[in-house]
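This briefing sets out selected features of the structure shown below, grouped by topic.

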2 protein chains.
Amino acid sequence: MKLVIIGAVAAGMSAASKLKRLDPSINITVYEKGKDVSYGACGMPYYVSGEIESDQDLVARTPEAFRKKGIDLHLKHEVTHLEPGNKEIRVHGLENDTKFSATYDVLLIATGASAIRLPIEGSELKGIHTLGTLEDSRRLHKVLREETIKKVAIIGGGYIGVEISETLRKLGKEVTMIEQEAHVLPKFSSMVGETVEDYLRENGVELLLEERVEKYTGTTNVEQVHTNSKTVDVDLVIEAIGVRPATKFLEKTDIDRLDNGAIKVNDAMETNLEAIYAAGDCAAYPHKLTGELAYIPLGTHANKAGRVIAERISGMDSRFQGVIGSSVLKAFELEVARTGLTTEEAKAFNSDSITIKAPDRSGYYPGATPINIQVTYDLETCKILGVEMVGEQGVAHRINVAATAISSGLTAHDVSQLDMAYAPPFSPVWDPLQTACNQIKCRK
Amino acid sequence: MKLVIIGAVAAGMSAASKLKRLDPSINITVYEKGKDVSYGACGMPYYVSGEIESDQDLVARTPEAFRKKGIDLHLKHEVTHLEPGNKEIRVHGLENDTKFSATYDVLLIATGASAIRLPIEGSELKGIHTLGTLEDSRRLHKVLREETIKKVAIIGGGYIGVEISETLRKLGKEVTMIEQEAHVLPKFSSMVGETVEDYLRENGVELLLEERVEKYTGTTNVEQVHTNSKTVDVDLVIEAIGVRPATKFLEKTDIDRLDNGAIKVNDAMETNLEAIYAAGDCAAYPHKLTGELAYIPLGTHANKAGRVIAERISGMDSRFQGVIGSSVLKAFELEVARTGLTTEEAKAFNSDSITIKAPDRSGYYPGATPINIQVTYDLETCKILGVEMVGEQGVAHRINVAATAISSGLTAHDVSQLDMAYAPPFSPVWDPLQTACNQIKCRK
C-alpha cells in the first residue's frame with residue numbers, strides 16, 4: 001500500500017508519523033513545496049520577537065528524523081496536478097526543474113493555506129510582508145532588526161495582526177494597525193474587541209478602525225499606506241488579512257470545495273473522491289454545533305485530523321468529532337479566548353447571551369484580576385452554545401472547561417453544578433464561568 | 001413559612017441569601033454557635049501568613065448585611081437538641097446562658113465540621129492549635145508573630161497541613177511535618193505525594209513519614225512531640241488530621257448518618273426526616289461516579305447545596321448533581337489537583353491508569369515547565385474515571401477540563417478529540433490531558 005501525502009507541516013506529518021508507528025509496512029511518500037517540515041507556525045510571532053531564539057526551535061522533527069523512520073520525504077517538490085481517475089499526481093521538482101508523475105493507492109492532501117495578499121496598487125513594492133510560513137518569519141526576523149525600519153503598519157486586526165503587534169512593540173517599532181471592521185478581532189464579540197483595543201492602545205499601538213487600505217506608494221520600498229481617509233508613513237508593512245486554502249492545483253478536478261477553495265471532508269476526513277483524504281488548513285471540517293462545514297484553519301485540527309487519517313488507514317474506525325470554534329491568543333499580557341459560537345454566529349438558534357465580570361481568583365487573594373465573560377445559550381434547551389473570555393490571567397485554560405461543556409451538550413444548570421476544583425489562589429468558590437451560568441434564567 | 005438554619009457559614013448563608021432573593025416573604029432565622037458568619041475558610045492559611053491583610057477580608061458578608069436583608073441572625077447561639085416530631089429545636093444562648101425552644105416549618109442543618117483533635121497524652125497542653133474556624137486563624141495569626149515561636153510541628157500532611165507548611169515557612173519558622181501514611185496528601189496517588197514531598201523538602205520542610213504521634217510533653221506549653229520512633233522539640237503544634245461533622249447534637253434523633261456522623265442527603269439535599277435539609281461540611285453527598293454517599297467537606301459543595309435548597313424551597317426542581325472528588329491546592333509554587341477517582345479508589349471498576357509528563361505550554365515557548373498527569377480510566381467503557389495533576393503552572397484550571405469531561409461521561413477518545421483552544425504561550429498543540437488520553441489503548 002502506497003500513501004502519498006502532499007504537504008509536510010502539521011496535518012501531513014502527524015498522519016505520516018502516526019501511521020508509521022501503527023503500521024511500519026506502509027509505504028509513505030511526502031511531497032512538500034517548501035523547504036521546512038513539521039514546524040509550529042503558531043510560534044512564529046515569538047521567534048520574530050526574539051523570545052524564541054532559533055527558527056529551529058519551532059521545528060518539531062527534522063526531515064532527517066522523518067527519513068530515519070522510513071518516510072520518503074521530498075522537499076521543494078510542488079504537486080501541480082491531480083488525476084484521480086489514474087490515481088496519479090504530477091510533481092514539479094523546484095530545485096532542478098524536473099517534472100514527473102507519481103501514483104498512489106491513497107492520497108492525503110495537506111497543502112495548508114497561503115496568506116492572502118491585498119490585490120491593490122503598489123502591492124509589488126518591497127517591504128510588504130506576510131507571516132504564513134517559517135520562511136516568512138525568517139525574513140521578518142531579519143528585516144525587523146534593521147535600524148532603518150522604525151514605522152510598521154499591520155493590515156488586519158485578527159489573531160496574527162494582534163500577536164504581531166506585540167512582537168513589533170517589543171522590538172521598539174512604531175505600530176499602526178489598520179482594520180476594516182469596527183473592531184479588532186472581528187471573529188469575537190465586540191465586548192472582546194473593545195477590551196483588546198483598550199489594551200493595544202495602552203501598549204502604544206495606534207489603531208485605525210473601519211479603514212480600508214486602498215493603495216501603497218513608494219519608490220522601491222513601500223513608503224505610504226493609503227486608506228480611504230488617511231495616509232500613513234511606513235518603513236514596512238505586514239499584511240495579516242487571512243489565509244486561503246492552497247488548493248488551486250485542484251481546480252480541474254471534481255473534488256468538492258467551499259467557495260474559498262477549502263476541501264470538503266466528512267468526519268472520516270474523506271473527500272468526495274475515492275481514496276483521497278484531506279486535512280489541515282486546506283480543508284473545511286464538520287462543525288459540531290451547526291452541523292455545517294466550517295473553515296477554521298488551526299494547528300489543533302490539523303494534528304487531530306492527521307491522527308484520525310493514520311488510524312483509519314491502519315484499519316481503526318476513528319472519527320473526527322468536529323470543530324466548535326475554540327481558540328485563544330495572547331495580546332500583550334491579555335488572554336483572549338473563545339469556544340463555540342459567538343452571539344452573532346448563534347443567531348440561527350433561539351439564543352441569548354449574558355456578560356459578566358468576575359475575579360479570576362478569590363477576591364481577597366492577592367493579585368486577583370477581572371475576567372470578562374460572555375456566555376451564549378439556547379433559550380429552549382438552555383445548552384451553552386458559546387463562551388468568550390478576556391482577562392489578564394486564568395482565561396486560557398478556563399475556556400477549555402467551556403469547550404468541554406459545549407462539546408458534551410451541557411446546559412447552564414449543568415455547568416453551575418459541575419464539581420470544579422477550587423482554592424483561593426486559583427478561583428473564587430464559584431468559578432467565573434459558573435457565576436455567569438448561575439445568572440442564566442432559562443433553566444429547563 | 002418559617003425556615004430555621006443552624007450554622008451561618010457557607011451552606012447556611014448561601015441558602016439564606018439566595019432564598020431571600022427568590023422569595024422575600026419567607027421568614028428565615030439563623031442560629032450560629034460562633035461569632036463569625038459567611039467567611040472563606042479556605043483563605044485562612046493566607047491570612048495567617050499575612051498575604052491577606054485582615055481577617056475581615058475573608059468575610060463575604062457581615063452579620064449586619066444579612067440582617068438588612070431581613071434574615072434574623074443569632075450569633076453565639078448553639079442548637080443543642082432537635083425534636084423532629086414537634087418540629088422544634090432547643091437553643092443555648094452562649095453569651096447570656098439563656099435556653100429556649102424554637103419551632104420551624106423547614107429546617108436546614110448546616111453546622112459544618114470541627115477539627116479532629118488527637119486523643120493522646122498531653123493534648124491539654126497549651127500551644128496545640130487547629131485551623132478549623134476564623135477564630136482559630138486569628139489565634140494562630142497572633143501567636144505565630146511571637147519571637148519565641150520558632151519550631152513548629154504540623155501533625156498531618158493533608159491539604160491543610162501542606163498549605164499551612166507554606167505559611168509557616170513564609171513566617172520563617174522551622175517546620176516539621178509528621179504524617180502517619182507513607183506519603184503526604186494521602187488522598188492523592190503516590191505519584192502526587194512524592195512530587196509534593198520533594199517540593200516541601202526543597203522549601204525547608206522536614207518530613208517525618210509513616211510516623212505516628214503518641215504523646216505531647218511539656219510543662220504548661222507543649223515542648224516535645226513524641227512519635228513512635230522520635231522526639232521532636234517544638235514551640236508550637238498545629239494538628240491538621242482532618243475534620244468531623246458537627247452533628248453530635250443529633251445523636252438522639254433518627255436522622256440517618258454515616259459512621260463519622262455525616263448526615264446522609266439525597267440529590268434534593270433532603271435528610272431521611274421530613275422537612276429537614278442538610279448541607280455543607282456536616283453532610284455526605286451523592287458521588288456521581290460511585291453512586292454512594294461521600295464525605296468530601298468542601299466550600300464548593302456547601303455553596304452549591306445551599307443554592308439548591310433555596311431553589312427547592314422556593315418551588316423549583318433543582319437537584320444537586322453530585323460530587324466527583326475535585327480539589328486543588330497550592331503547595332509553595334506547586335499546583336496540585338485531582339478530580340474523579342484516584343487509581344486506588346477506582347479499584348471497584350475494571351480500571352487502569354497511565355502517567356505521563358508533558359510541558360504546560362509549547363516546549364519551545366519560554367518558561368515551559370512539566371506537568372505530571374495520571375489518568376485513570378475504565379477498561380471496558382474507556383470512560384475517564386479520574387485525573388491527578390501536579391506542576392508549577394497550568395494545573396489548577398486544566399483539572400476542571402478533566403472534571404467536566406468526567407462529569408459528562410467522556411471517553412479517552414472523546415477527550416483526545418475535544419476542540420481545545422491552543423496558543424504556544426498556554427499549551428502544547430495537544431493539551432497534556434489529550435496527550436495522556438492519546439496513549440490510552442482501550443478505545444471503544
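In what order do the strands of the three-stranded open sheet of chain A lie, and is their pairing parallel or antiparallel? The order is 4-5-6, and the pairing is antiparallel. This is a predicted model, in which local features need pLDDT of at least 70 and side-chain atom pairs count only at pLDDT 80 or more, while totals for chains, interfaces and linings use all residues; side-chain values use heavy atoms, with hydrogens and water left out. Residues are numbered from 1 along each chain as its sequence is written, and chains are lettered from A and ligands numbered from 1 in the order in which they are written.

**Confidence**
- Chain A has a mean pLDDT of 96, and 100% of its residues reach 70 or more; pLDDT is the predictor's confidence in each residue, from 0 to 100.
- For the complex, the predictor gives an ipTM of 0.96 and a pTM of 0.96.

- Strands are DSSP runs of E with at least two residues, and helices are runs of H or I with at least four, numbered from the N terminus.
- Strand 4 (77-83) and strand 6 (98-103) of chain A are the edge strands, each pairing on one side only; two strands pair if DSSP finds at least two bridges between them.
- Strand 5 (residues 88-93) of chain A pairs with strand 6 of chain A in the antiparallel sense over six bridges.
- Glu88(A) has Thr103(A) as its bridge partner in strand 6 of chain A.

**Symmetry**
- Chain A is superposed on chain B by a rotation of 180° with 0.0 Å of shift along the axis, at an RMSD of 0.0 Å. That is the relation of a two-fold axis.
- Copies are superposed by least squares on the C-alpha atoms of residues with pLDDT of at least 70 in both.
- Val401(A) is the residue of chain A that comes closest to the rotation axis, with its C-alpha at 2.2 Å.
- The copies meet through the same surface, because 100% of the interface residues of chain A are also interface residues in chain B.

- Ile399(B) lies in helix 8 (residues 398-407) of chain B.
- Ile399(B) is buried, with a relative accessible area of 0%; buried means under 20%, exposed over 50% and partly exposed in between, using a 1.4 Å probe and protein chains only.
- Leaving aside neighbours within four places in sequence, the contacts of Ile399(B) include Ala421(A) and Val387(B), where contact means heavy atoms within 4.5 Å.
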